Amino acid sequence: MKKMTFGEKLIEIRKTKGFTQSDVANKCNISLRTIQRIESGTVTPRSYTIKVISESLGFDYFEAPANPKLNPSVKALQNIKFHLALFFKDLFNLKTNTLMKISILSLPFLFTGLAFFLFNSKVTAQSSEHIPAIQKSNSDFEYLKNIRVVFTSELEFEDLFRIKEELKKEKISITYNKIIFDDDKRLKSIDCNVDWHNGASNSLIIEDLKSIKKGEQYGFYRNYDKNSKILCGSGLLPKIVVLDIGHGGIDSGSFSEELSEKQITLEIGNKVKDLLYSNPNMHIDISLTRTSDKYITLKNRIDYINSLQPDYIISLHLAESKTENENGINLFNGSQTPFIKQSDSLLKQLKISFSNEFTINQVKSINSDILNKVNCPSALVEMGYLTNKKDIQLFKSEIGKSKIASAIFNTIKQLEK
């Protein structure tokens, strides 16, 4: 026998008890319009709404076994029956209609307002229905896989179970000591611990998520790149800058004498990261799209960068010319990027940083996929010409490559502000 939808069940219970829709609305402190929409089937109620109505009218919508042919949203609610029942019975202490205070006594099933995750994934504050599931690593980047969990004031109870379960798949355990929702049922504060199951753990207390400054994010992060400055931590999350290391593997890029573009870009990228390690007080994490001589498709590089959800990306390349006279630095941003204003600012800062030691040859917008398709401000730096003898000598010199790396790093330092 097909199980009733919640709206059908509500109609049956309401009529059995002799209630009108207005009676139910008043009894549950829910708008009449919401009751009407639930009964008409135009909306699928949230688990909290189901809980309030069920408790007020004295029935358990989850009592029948799940039917695999049910509407997916109803089936999903049935799948969390046990967790919801345990959660609301044993863990909630609802003292007022304007504040839901959750005192957690034992916590195998209390879930948190984590707004995101994977690959160093960063989230801006967003509505709960837009919070993505944890993404799985592309095999090309398994060695760079990171997890980043951000707490925001936009999270609701319904997000918590789903996100906790996704994190569990990554073998991460979280214990929540206290969670408070505001009168809009959005996450207000949290006290929790995380066990990374690598011998390390972290704790975090955020008293008021709405007081977090614009541009700041708080949560947990775990880096699987053994060369990362910090492998795991909690609190104020570092900004993420990606260095896109041009070419690699079968794609050598420009080539001159014994030098190749793929070799020089990787060497300079590593030097920039070394500078970060020597400045431990900087609250920035730098990720490279490759750390070895490996070919990675443009699409995979873009997908990887977007999965990190970085604050900025700087793509490193070299130039070549039909003449030997052309030399110096070329700076570009995307002509079709939605982050044009921020990308312009990044380009200006790069120009300032390079102007102290180098000749700036070009500064302009170009139609580039790596610049236009990444979901953050972006810039591309051609760090010199492999067809110019002066620039070639620069690339052959460790001092010369270090000067280029310092100019890029000085730009990144300004991004921290």
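Visitor: How many bridges join strand β13 to strand β16?
Guide: Six bridges join β13 (residues 312-319) to β16 (residues 378-385), and the two strands run parallel. Strands (E, at least two residues) and helices (H or I, at least four) are DSSP runs, numbered from the N terminus. This is a predicted model, in which local features need pLDDT of at least 70, side-chain atom pairs count only at pLDDT 80 or more, and totals for chains, interfaces and linings use all residues. Residues are numbered from 1 along each chain as its sequence is written, and side-chain values use heavy atoms, with hydrogens and water left out.

Visitor: What stands opposite His 317?
Guide: Glu 382 in β16.

Visitor: And what is the strand order in the sheet?
Guide: The sheet is open, with six strands in the order β12-β9-β13-β16-β14-β15 and mixed pairing (two strands pair if DSSP finds at least two bridges between them). β12 (284-288) and β15 (360-366) each have a single partner strand, so one side of each lacks a neighbour in the sheet. From one strand to the next, the twist averages 20°.

Visitor: Which strands does α8 lie across?
Guide: Helix α8 (residues 261-277) lies across β9 (239-245), β12, β13 and β16, at about 160° to β12. Angles run from 0 to 180 degrees between N-to-C directions, and axes are lines fitted to C-alpha atoms, for helices over the stretch in contact.

Visitor: What does α12 touch?
Guide: Helix α12 (residues 389-396) touches β13 and β16, at about 105° to the direction of β16; contact means heavy atoms within 4.5 Å.

Visitor: Different topic. How far apart are the axes of α10 and α13?
Guide: They are 9 Å apart, and α10 (residues 340-355) packs on α13 (residues 398-415) at an angle of about 135°. Leu 346 and Phe 354 are among the α10 residues in that contact, with Ile 404 and Leu 415 among those of α13.
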